[in-house]
Amino acid sequence: MKKLFTGALVAAMSLTLVACGDDNGDSDANGGNSENRVAMIAKANSAEYWMKVKEGAEEAGEDLGVTVTFNGPDTESEGDKQINMLQSAINDNAMAIAFAPQDGAQDGAPRLIDEAFDLDIPVVIFDTPLAGSDVPVATVASDNEGMGAEAAERMIEGLDVTEGKIAIIAHGEVGTAAARRDGFRDWIEQNAPGFEVVDVQNGQSDPAISRDKAQGILQAHPDLVGFFGTDDDSVIAIADEVEAKGFDISVIGVDSSPDVITLVEGGQITGVITQDPAGMGYRTIEVAVAAARGEEPSEKNIVSESVWVTAENLNDEDIQAIIN
C-alpha cells in the first residue's frame, strides 16, 4: 500500500500521548477484550471521501498491528442503520470503536457510547462532533466552522465587486453542515457588509436534491455573485447549474472528490476547502488503539487540517498528497 505519511508528517500530526494506565488490551473479568480489532463506522460506505478515510485507517491498522473493520450505511441519511452498526460493534466487543455520527444518529448515539464505556470499550468520534456526550476519548475532526469562514473569505477576496447577493446549499441541518454553513454566513455578516446571504437550502447530501435546490435558488436570484456548497454533492450541483445557465458566479465549496477536482480544473468551481480524509482516518485509529492500550490523548479535540485548492495550486506536491 502506498504510504500516506512520511515520518515528518506523522510527527506533525501526532499529539503527545499520556499514559493513563498499564492495560495492554488483554481481556479481564470486568468486560475488557482481547480482540485485536477496531470497528470504524463512517457516515456512509462508498463515497470517495469515506473511501479515503478508510484508506488512512487501514494503513494505521497495518502500522499498529491491528485489524480495522470499516462499515457505514449506504447514504448519509440513515441514522437508524448507523445506530444499529454501533450497537453491533459493542456487542462484538471490539477493542475500540471509531464513530462518525450522522445527523440522524446524534440523539441515539450517546446512550450507546455510555454502554461502550461501561464495557471498557474506548470510543473515538471522528469527522463530526457528537453532541450530548463527553464520554468519547477524543474527537478527530476538521475545524468545520473555520472552513466555512475561510470559504467566505476566499470568495470575497476573489470577487471584483464590493457588494452583492450570495447563497448557500448545505448538506444537512446540524453537525458539519451547520458548522460550515454558519461559519460562512457569520464571516460574511461580520466582515463583508456589502454582501448578503439571501438564501440557504438543505441539499441533504443528495445529488438530485442539491441540484433541485440550486435550480430554485438561481431562478429566484439570477443576480447572485457567489454560491457556496458545504460538501461535494452540493458544490457539484451548484457548478453544474451555474454553467448550464451561463451565469458568472463564484462557486466555492468543501471537499475534493474526483468530480469536484475536474470542475476545479475546468474553472466551473473557483476553489474548495479540502479536508485530509486519509489523515483523519489514520489519526483516528492511532488514538483509538492508544486508548485501548491504556493511553489517552493530551487533548480531547484533535483538529484534522484542511487546505485551499484551486486550479493554480492543484498540481502542487502537498495538494496532490491530500487529494490523491
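**Strands, cores and a helix pair**

Colleague: Which residue is the bridge partner of Ile169 in E9?

Modeller: In this predicted model, Ile169 has Gly229 of E9 as its bridge partner.

Colleague: What makes strand E7 and E9 a pair?

Modeller: Two strands pair if at least two bridges are found between them. E7 (residues 164-170) and E9 have five bridges, in the parallel sense, so they count as a pair.

Colleague: How do you know that E9 and strand E10 pair?

Modeller: The reasoning uses the cut-off of at least two bridges. E9 and E10 (residues 250-254) have four, also in the parallel sense, and therefore they pair. Among the partners, Gly226 is bridged to Ser250 in E10, and Phe228 stands opposite Ile252.

Colleague: Why is strand E9 called mostly covered?

Modeller: Buried means under 20% relative accessible area. Six of the six residues of E9 (residues 224-229) are buried, so the strand is mostly covered.

Colleague: What is the order of the open sheet with mixed pairing?

Modeller: This sheet has six strands, in the order E8-E7-E9-E10-E11-E14.

Colleague: Why are strand E8 and strand E14 called edge strands?

Modeller: E8 (195-202) and E14 (306-309) each pair on one side only. From one strand to the next, the twist averages 15 degrees.

Colleague: How do you know whether Thr274 is buried or exposed?

Modeller: The relative accessibility of Thr274 is 1%. That is under the 20% limit, so Thr274 is buried. Thr274 lies in strand E11 (residues 271-275). Leaving out residues up to four places away in sequence, Thr274 touches Asp255, Ser256, Glu305, Ser306, Val307, Val309, Ile322 and Ile323.

Colleague: Which strands form the open sheet whose pairing is parallel?

Modeller: Its six strands run in the order E3-E2-E4-E5-E6-E13. The edge strands are E3 and E13 (301-303), each pairing on one side only. Here the twist averages 20 degrees from one strand to the next.

Colleague: What makes E6 and E13 a pair?

Modeller: E6 and E13 have three parallel bridges. Two would be enough, so they pair. In E13, Ile302 is the bridge partner of Val140.

Colleague: Which residues of the largest nonpolar core touch the most other members?

Modeller: They are Val38, Met40, Trp50, Met95, Phe126 and Ile285, in a core of 30 residues. Helix H10 (277-292) is one of the elements that supply at least two residues. H10 gives the most, with eight residues. Apart from neighbours within four places in sequence, Phe126 has contacts that include Met40, Trp50, Val140 and Met280. A second, separate core of 25 residues includes Ile238, Ala239, Ile322 and Ile323.

Colleague: Why might one expect nonpolar side chains to be buried together?

Modeller: In soluble globular proteins they tend to be.

Colleague: At what angle do the axes of helix H8 and helix H9 cross?

Modeller: The axes of H8 (residues 232-245) and H9 (residues 258-266) cross at roughly 35 degrees and come within 10 Å. The crossing is left-handed. H8 brings Asp232, Val235, Ile236, Ala239 and Asp240 to the contact, and H9 brings Asp259, Val260 and Leu263.

Colleague: How many residues of the contact of H8 with H9 are nonpolar, polar and charged?

Modeller: Five are nonpolar, none are polar and three are charged. Asp counts as charged, so Asp232, Asp240 and Asp259 are the charged residues.

How values were computed
Residues numbered from 1 in each chain as written. Predicted model: local features only at pLDDT ≥ 70, side-chain atom pairs only at ≥ 80, totals over all residues. Heavy atoms only, no water. Core = buried A, V, L, I, M, F, W, Y, C linked by side-chain atoms within 4.5 Å. Buried < 20%, exposed > 50% of the residue type's maximum accessible area, 1.4 Å probe, protein only. Contact = heavy atoms within 4.5 Å. Axes fitted to C-alpha atoms, helices over the stretch in contact; angles between N-to-C directions. Left-handed = near helix turned anticlockwise from the far one by under 90°.
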